[in-house]
Amino acid sequence: MKKNFLILLFVASFVNGQNSKKLTFDNLKPFLIDFLYEKNQLTSERVDELKKGEYDFYLRGLFNDKHDGELVNGVYAFSNFSSHSKAFFVLVENNEFTILDLDNREGLDVSIKNILDFSERSKYCVLITSEILTRLLNVFYNKNVNPLIGQDINCIRGVVNFKDLP
């Protein structure tokens with residue numbers, strides 16, 4: 001019985017050791033590049049160039065501009081880093097990642113929920129959570145909704161001041 005327990009413990013530690021590969025900027029980039037290709041933000045030629053490292057890929061920590069080494073829990077921004085392109089975020093938690101798809105309103109809604117849930121688990125204060133949500137909204141409305149204009153149409157033609165609001 002004791003021998004079986006030790007064998008089971010050894011196998012469990014071996015399997016756990018195999019799954020504990022650390023998530024880094026370098027091993028996350030191919031997934032994000034493929035995501036951008038699926039969103040028609042990259043050509044197949046550009047995908048190959050980025051994966052070969054011929055060009056820099058924009059992936060940065062949201063608050064500290066970290067862009068290499070091991071990824072710590074938090075939110076990171078990424079894009080193909082060209083004019084008139086859309087931008088996205090990736091949420092990293094416990095060596096796993098979730099791409100926050102800000103390509104449409106449904107994706108924004110899901111992303112907001114993911115950020116709120118993550119912020120609560122991480123015990124972020126309201127100031128940090130608010131800043132992350134503000135950045136999500138700014139990217140969605142100022143960059144992704146109208147990438148050729150680069151700003152929110154409502155800020156040009158819609159309600160732009162507080163004086164008439166309740």
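## Questions on a predicted fold

The chain holds 6 helices and 4 strands. The model is predicted.

Reader: In what order do the elements of the chain run from the N terminus on?
Author: The chain has both helices and strands. Read from the N terminus on, the order is α-α-α-β-β-β-β-α-α-α.

Reader: What share of the residues in the chain is buried?
Author: Buried here means under 20% relative accessible area. The chain has 166 residues, and the buried share of them is 30%.

Reader: Among contacts between residues at least 6 apart in sequence, what percentage join residues at least 24 apart?
Author: Take the contacts in the chain between residues at least 6 apart in sequence. Those that join residues at least 24 apart make up 48%.

Reader: How many residues are in the largest nonpolar core?
Author: F57, L59, V75, F78, F89, L102 and I115 have the most contacts inside this core. Helices α2 (25–38), α3 (44–51), α4 and α5 each supply at least two of its residues, as do strands β2 (74–79) and β3 (87–93). The core's residue count is 34.

Reader: How are α4 and α5 oriented to each other?
Author: Two packed helices are described by the angle between their axes and the distance between the axes. For α4 (residues 105–122) and α5 (residues 126–144), the axes lie 10 Å apart at an angle of about 165°. Angles over 145 degrees count as roughly antiparallel. So α4 is, relative to α5, roughly antiparallel.

Reader: Is the crossing of α4 and α5 left-handed or right-handed?
Author: Helices α4 and α5 pack with their axes 10 Å apart. Their crossing is right-handed.

Reader: Is L136 buried or exposed?
Author: L136 sits in helix α5. Beyond residues up to four places away in sequence, L136 touches F89, L100, L102, L108, S111, I112 and I115. The cut-off for buried is under 20%. L136 has 1% relative accessibility, so it counts as buried.

Reader: How far apart in space are L136 and L102, C-alpha to C-alpha?
Author: L102 has contacts with A87, F88, F89, L108, S111, L136, V139, F140 and N144, leaving aside neighbours within four places in sequence. In sequence, L136 and L102 are 34 residues apart. In space, C-alpha to C-alpha, the distance is 7.8 Å.

Reader: Where is N40 found, and is N40 buried or exposed?
Author: Most residues other than glycine have a negative phi. N40 is not a glycine, yet its phi is positive, near 60°. N40 lies in the loop between α2 and α3. With 67% relative accessibility, N40 counts as exposed.

Reader: What is the relative accessible area of N95?
Author: N95 is in the loop between β3 and β4 (96–100). N95 is not a glycine, but its phi is positive, about 65°. N95 is partly exposed, and its relative accessible area is 28%.

How values were computed
Residues are numbered from 1 along each chain as its sequence is written. This is a predicted model: local features need pLDDT of at least 70, side-chain atom pairs count only at pLDDT 80 or more; totals for chains, interfaces and linings use all residues. Side-chain values use heavy atoms; hydrogens and water are left out. Axes are lines fitted to C-alpha atoms, for helices over the stretch in contact, and angles run from 0 to 180 degrees between N-to-C directions. Angles under 35 degrees count as roughly parallel, over 145 as roughly antiparallel, 65 to 115 as roughly perpendicular and the rest as oblique. A crossing is left-handed if the near helix is turned anticlockwise from the far one by less than a right angle, and right-handed if clockwise. A nonpolar core is a set of buried Ala, Val, Leu, Ile, Met, Phe, Trp, Tyr and Cys residues joined through side-chain atoms within 4.5 Å. Buried means under 20% relative accessible area, exposed over 50%, partly exposed in between (1.4 Å probe, protein chains only). Contact means heavy atoms within 4.5 Å.
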